[in-house]
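Please walk through this structure with the sequence and the 3D view side by side.

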Protein chains: 2
Amino acid sequence: MRKHTAGLRLVDVAEHAGVSIATASRALSGATGVSEALAERVRAVATELGYVANVHARSLASGASPAVGLVVHEIGDPYFAEIASGVLEVAGAHGRMVQICHTGRDPHAEVAQLRALAGAGVGIIVVAGSGHLDRDVQAQMKAQVQAFEATGGRVAVIGRHPQLGVDAVVPANVAGGRSIAEHLLSLGHRRIAVAAGSRRLATMADRLAGVEQALGDHGLRLADLPVVEAAFTLDGGKDAARQIMDAHPDVTAVLALNDDMAVGVLSVLGERGVSVPGDVSVTGFDDVTVAGHLSPALTTVRLPMKQMGRQALELALLPRAARARRRTAEQRLMVRASTAPVRG
Amino acid sequence: MRKHTAGLRLVDVAEHAGVSIATASRALSGATGVSEALAERVRAVATELGYVANVHARSLASGASPAVGLVVHEIGDPYFAEIASGVLEVAGAHGRMVQICHTGRDPHAEVAQLRALAGAGVGIIVVAGSGHLDRDVQAQMKAQVQAFEATGGRVAVIGRHPQLGVDAVVPANVAGGRSIAEHLLSLGHRRIAVAAGSRRLATMADRLAGVEQALGDHGLRLADLPVVEAAFTLDGGKDAARQIMDAHPDVTAVLALNDDMAVGVLSVLGERGVSVPGDVSVTGFDDVTVAGHLSPALTTVRLPMKQMGRQALELALLPRAARARRRTAEQRLMVRASTAPVRG
DNA sequence: CTGAAAGCGCTAACAA
DNA sequence: TTGTTAGCGCTTTCAG
């Protein structure tokens, strides 16, 4: 008395086709060593019967699972949703399912999710979301990733993960930070406040490094600017904006390190009757779909999120290379209506 | 010579704990019939060793998989991303993984994905995205769903799926359509154009039905209004807006049937120098996160997407009931800056 | 309450 | 080229 029978099994197909299950298996899994005629017949029978192989049995027997795991901070966040979209696209093209895990932006949860995915028997894991600068977190991640790869699993990450040594798609965060800061500086802004997420994230460090380079070109230093750290979300942007406007009412520009925060900043400035870009210019980072439709349209740095998702899975689909591969995702400055020359 | 060994197996734990694998299994799966003392010892050993059960083996043996499948039209779309977020939240709380599938808004792909998920051995499927009015699609969906449930699987849908007979979370689309239309009518608008997605979707039919009710209250009929059908996306909204403004330049309001389309409408109106809400009022539907931050802030109908995702999985987690359960997700009119009284 | 053993459905040696 | 068969790691009767 079986509890959950999908009904058809390989034997059924084999019987109907008048072959052994071994032959049936080979025919259906596209393995070599079956005459094309037989293979064709088996496939026809399978299709006709509506046979679908049991993944669990297959994975158990072969030791390889077709599933791919995707770890994101928060799937409701457009940045990750777009990355996921790219991953799903490639996965679909390869007939693979994608298991998605939330981490809620907690690096320890990230490690736990990695372990969970490995336990869930996926063969491939894509980690989206910034690497962490905390040595302890890095070590845990590394241990987990290596354990997974040791069992034949493949891993690719999106973002810079120091020391991890796996294939990676790295967005041009430094260049992006530099170009967006350069844009503000070229407009004459000097009293610039930065709305940032946790500085323990590699992404933040990189974007800030780019900002610092641009500042350096103008004889300025990041240390002289207010850098407010808050949650890397819309609400975090609101918090940061409030702190900035309270403590530094004389700023002429707010450089937010992602679009979510920028939206929060715009929201608070709007509430307070501060005109953008009349009184204060605001910039974002990422260029999520809606950025161009905000009030005002957001000047930001475009990152090809969906493509990054695609590339990451494509890397992970490749066999492991001796040296970790690295793809750079280019940034592009999108100048829109939220920035203007500083007022005389 | 094993190819993909996660290393630890149940035997290892059993040996370390000095019990049989049967006992170890019972202890770890929380089954009854083991003395609490032994169970505790086994669990301790398992934790210490870092043992994680092989899902494939477990699913194969027990015939039940802990994975839940989620079918969405497009994960990059904020509406579905938020629903997914709710589903992931509940899944996480129950220690389950979520496999997400795209359908690209193709109803046939939806059926295929259902089959794929069933084949992938998930035990639970949540289908997000509107039901279809096409009888043929309905029949296929139903056949697939019943086959899945016959094998012990559980299904819950988000949205109205006529005739499907499974647990459902149904957003108040009719009431929402009615309230948003009523809002425009109360502002004096009469020459209203509707930007809609495919009318073969139940969601569209319901929202339009609500609009029609409101019109009826004012002695008007939907048939007298231009209803432009386009893709249910931002670009579709652009297409619809162009058609509307070209064919009916005298409209005073555009009622878009989701926020994505409304954003596209705003975009086109902006390009053409049509002031919103000065010349034309615009409304959306869903209230995705950014709706309140658009230019101008969008008047729309709020649907609790994340909660809908949560509820759907909660329903699916319950044992099948004799009669399909139904939860209604309430709508709420959000009046913002994109609507104003019609000009005298 | 605990252990031995029979599968779950499939793949992959190994034979023929 | 095709078939036979021994597992993959776990759950679950069935004995003890």
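What follows covers the interface between the chains, then a strand, then a single histidine.

This is a predicted model, in which local features need pLDDT of at least 70, side-chain atom pairs count only at pLDDT 80 or more, and totals for chains, interfaces and linings use all residues. Residues are numbered from 1 along each chain as its sequence is written, chains are lettered from A and ligands numbered from 1 in written order, and side-chain values use heavy atoms, without hydrogens and water.

Start where the chains meet. 47 residues of chain A contact 47 residues of chain B; contact means heavy atoms within 4.5 Å. The size of an interface is often given as the accessible area lost when the parts come together. Here chain A and chain B bury about 3,900 Å² between them, and carbon and sulfur atoms give 66% of that area. Buried area is the accessible area (1.4 Å probe) that two parts lose on being put together, summed over both.

Seven residue pairs, both members at pLDDT 80 or more, are in polar contact across this interface. A polar contact is a pair of N or O atoms within 3.5 Å; within protein, one must be able to donate a hydrogen and the other to accept it, and residues adjacent in sequence count only if both atoms are side-chain atoms. On the side of chain A that touches chain B, α4 (55–62), α5 (78–93), β2 (98–102), α6 (107–119) and α11 (259–271) each give two or more residues. The largest share, six residues, comes from α4(A). Helices (H or I, at least four residues) and strands (E, at least two) are DSSP runs, numbered from the N terminus.

β2(A) pairs with β2 (residues 98–102) of chain B in the antiparallel sense, over three bridges. Pairing requires at least two DSSP bridges between the strands. A:Ile100 stands opposite B:Val98.

Now turn to β6 (residues 192–196) of chain A. Five of its five residues are buried, so the strand is largely enclosed by the rest of the structure. Buried means under 20% relative accessible area, exposed over 50%, partly exposed in between (1.4 Å probe, protein chains only). β6(A) pairs in the parallel sense with β8 (residues 253–256) of chain A over four bridges. It pairs in the parallel sense with β7 (residues 227–229) of chain A over three bridges. A:Ala195 has A:Ala256 as its bridge partner in β8(A) and stands opposite A:Val228 in β7(A).

Finish at B:His73, in the loop between β1 (68–72) and α5 (78–93) of chain B. Its relative accessibility is 8%, so B:His73 counts as buried. Among the residues that B:His73 touches are B:Phe80, B:His102, B:Arg105 and B:Glu110.

Conventions:
Lists of a residue's contacts leave out its neighbours within four places in sequence.
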